[in-house]
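This report describes the aromatic pairs and the nonpolar core of one structure. Please read it beside the sequence and the model.

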Amino acid sequence: MRHLIPISGKDSLCTAMVQTATEPGLPYEFFFNDTGCELPETYKWLATVEQKTGFHIKRVGVSLEKLIDDQGGFLPNHKARYCTRAAKIKPVEKWLKGSP
């Protein structure tokens, strides 16, 4: 069984730190849903988190720019919400490959 912890900000990082302190013997896998369009500060923060915690945070996702390009330049909106499914959910499912 895989023990996955998404890291996306301060709240999820805090959850990861509490979980790893509570059950330190489990083989945790940390991941970040990366669309390639995050602010530079986000990538700097992730690097700092890895350096200070020793966590390796796997980047999982699809380029949002490529996804928009593949949609003929059609931007996601409140009526066409393809980006979360295509750029984040599907890549995580592919990464997990049906594992428990």
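A residue is called buried if its relative accessible area is under 20%, exposed if over 50%, and partly exposed in between, for a 1.4 Å probe and protein chains only. This is a predicted model in which local features need pLDDT of at least 70 and side-chain atom pairs count only at pLDDT 80 or more, while totals for chains, interfaces and linings use all residues. Residues are numbered from 1 along each chain as its sequence is written, and side-chain values use heavy atoms, with hydrogens and water left out.

**Aromatic pairs**

Rings of Phe, Tyr and Trp (its six-membered ring) form a pair if their centres lie within 6.5 Å; planes under 30 degrees apart count as stacked, over 60 as edge-to-face and the rest as tilted. The whole structure holds 4 such pairs. Two of them are set out below.

| Pair | Centre distance | Plane angle | Class |
|---|---|---|---|
| Tyr28 and Phe30 | 6.3 Å | 35 degrees | tilted |
| Phe31 and Trp95 | 5.3 Å | 55 degrees | tilted |

Phe31 belongs to strand E2 (residues 28-33) and Trp95 to helix H4 (residues 82-96), so their pair ties together parts that are 64 residues apart in sequence. Helices (H or I, at least four residues) and strands (E, at least two) are DSSP runs, numbered from the N terminus. Both Phe31 and Trp95 are buried. The charged end of Arg2 also sits over the ring of Trp95, 4.9 Å from its centre; this term requires NZ of Lys or CZ of Arg within 6 Å of the ring centre and within 35 degrees of the ring normal.

Phe30 counts as buried because its relative accessibility is 8%, and Tyr28 is likewise buried, at 15%. Ring pairs join Tyr28, Phe30 and Phe55 into a cluster.

**The nonpolar core**

A nonpolar core is a set of buried Ala, Val, Leu, Ile, Met, Phe, Trp, Tyr and Cys residues joined through side-chain atoms within 4.5 Å. The largest one has 11 residues, among them Tyr28, Phe30 and Phe55. Helix H1 (10-22), E2 and helix H2 (40-53) are the elements that each give two or more residues to this core, and E2 gives the most, with 3 residues.

Leaving aside neighbours within four places in sequence, Phe55 is in contact (heavy atoms within 4.5 Å) with residues including Leu13, Ala16 and Phe30. Ser12 lies in helix H1 and is buried, with a relative accessible area of 16%.
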